[in-house]
Amino acid sequence: MKINSNFDNLVPNYLFAEVAKRTNEFIENNPDKKVIKLGIGDVTLPLAPVVVEAMKQGADELGNKDTFKGYPDYEGYEFVRKAVSDYYKSFGVSVSPDEILINDGAKSDSGNIGDIFSKDNTVLVTDPVYPVYVDSNIMAGRTIVYADSDASNGFAAMPDESVSADIIYLCSPNNPTGSAYSYDQLKAWVDYANKNDAIIIYDAAYEAFITEDLPRSIFAVEGSRTCAIELCSLSKTAGFTGTRCGYTVIPKELERDGHNIYKLWYRREATKFNGVSWPVQRAAAAVFSDEGQRQIKENIAYYQENARIIASAMDELGIYYTGGKNSPYIWLKCPNGMGSWEFFDFLLEKANVVGTPGEGFGKNGEGYFRLTSFGDRDNTIEAVERIKKVLS
Ligand code: PLP
């Protein structure tokens with residue numbers, strides 16, 4: 001037998017392993033030092049009380065013959081899809097419940113959506129990039145082209161008419177660069193996709209962090225219903241990284257190559273996915289209740305304040321950065337011409353602060369660094385004070 005030899009083309013991702021290795025070595029050699037981690041992309045605040053209560057009720061219902069639930073619908077229960085649809089309505093976007101599919105998070109769908117597309121398609125990703133888009137397409141054997149996000153475009157890559165692509169991954173607000181597209185910028189991508197008969201896979205995992213007048217969904221942009229699929233997640237919005245729930249939106253009129261895309265994806269899900277558990281769907285619906293929205297917004301505001309604290313330190317130091325305002329990520333230019341790993345070692349040794357070297361996200365990340373706002377407030381303040389001390 002033979003394995004899928006495309007796996008041989010994957011570039012080993014040393015990033016987080018190397019970060020952990022260097023951090024652990026430093027801690028071992030310096031047990032007296034308090035190391036603060038601002039590199040993590042995971043949330044730290046607990047689930048909102050209303051969400052926990054719904055999950056408990058869901059568990060109780062499973063333990064009662066009258067309310068027991070077996071296999072869920074592949075696309076998620078109607079009441080959850082309706083809650084998501086109403087959520088979109090709250091920021092002025094119309095998607096109907098039967099265009100929404102509930103899933104176990106955005107990573108699965110961003111990696112799996114390629115199942116419905118030919119391996120002959122060319123994939124466009126922006127660089128730096130969330131690595132799942134790249135690795136899942138390498139596994140499928142697709143050719144990947146890169147659109148540069150760099151200081152010249154505020155780390156928000158724009159389409160190049162001379163490049164052709166069939167599948168386009170966009171992430172806004174972006175991980176890792178924190179940049180978020182404006183309506184006009186997103187419209188340029190939508191026009192490009194419609195013109196090229198391409199499909200945009202739009203990752204809106206961080207939409208809840210948007211504070212300015214920027215699109216929370218690609219479906220806020222005219223023309224997107226004929227070229228886009230949107231992925232979203234409760235991971236960062238509501239602390240579901242360990243609970244696992246997200247949703248994908250596919251407009252009913254989206255067609256390519258004589259096929260309806262929603263129907264293809266539904267067929268794929270019906271074959272390979274058996275839905276999200278009842279307690280988790282109950283919890284997800286609670287996120288979208290009025291009280292759920294109030295409670296999760298408190299947590300988001302906490303992270304946003306952390307982001308503001310980090311960003312204002314960069315302002316004080318005169319360091320170029322993107323993100324921090326509409327995103328939990330601050331993407332900064334390493335000071336004094338340092339490389340990503342050089343700055344990592346410098347910060348670890350001098351300030352005992354851990355971040356993420358930008359080059360782990362693509363070639364345009366070289367010389368850049370990512371800090372996150374998902375940590376504890378006091379630690380964030382202390383880390384920022386230490387960074388200011390060693391850099392001023
Ligand atoms: N998309 C982006 C851009 C992310 O940064 C992440 C997680 O870090 C995910 C998707 C994964 O989200 P989920 O936890 O819903 O699988």
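D257 lies in the loop between β9 (255-256) and β10 (259-260). Helices (H or I, at least four residues) and strands (E, at least two) are DSSP runs, numbered from the N terminus. D257 is not a glycine, yet its phi is positive, near 55 degrees. Most residues other than glycine have a negative phi, and most peptide bonds are trans.

This is a predicted model: local features need pLDDT of at least 70, side-chain atom pairs count only at pLDDT 80 or more, and totals for chains, interfaces and linings use all residues. Residues are numbered from 1 along each chain as its sequence is written, and side-chain values use heavy atoms, leaving out hydrogens and water.

## Cis peptide bonds

D127 and P128 are joined by a cis peptide bond, with omega at about 10 degrees. P128 sits in the loop between β3 (122-127) and α5 (131-140).

The bond from N175 to P176 is also cis. Its omega is near 20 degrees. P176 belongs to the loop between β5 (167-171) and α6 (183-195).

## Ligand site

The ligand is surrounded by 14 residues (a heavy atom within 4 Å). D203, Y206, S233, S235 and R244 are the closest. By class, the shell has six nonpolar, four polar and four charged residues. Here Ala, Val, Leu, Ile, Met, Phe, Trp, Tyr, Cys and Pro count as nonpolar; Asp, Glu, Lys and Arg count as charged; the others, Gly among them, count as polar.

The protein covers 90% of the 400 Å² of accessible area that the ligand has on its own (Shrake-Rupley, 1.4 Å probe). Two elements, α4 (106-112) and α7 (235-238), each give two or more residues to the shell.

The ligand takes the space of the largest pocket. A pocket is an open set of points on a 1 Å grid over the protein atoms alone, where a 1.4 Å probe fits, with protein on both sides within 12 Å along at least five of seven lines. A molecule sits in one if more than half of its atoms lie within 2 Å of its grid points.

β11 and β12 (329-333) run antiparallel and are joined by three bridges. Y321 stands opposite L332 in β12.

Terms used
1 Å grid on protein atoms, 1.4 Å probe; cavity = no way out; pocket = protein on both sides within 12 Å on 5 of 7 lines; lining within 4 Å. Pairing = 2+ DSSP bridges.
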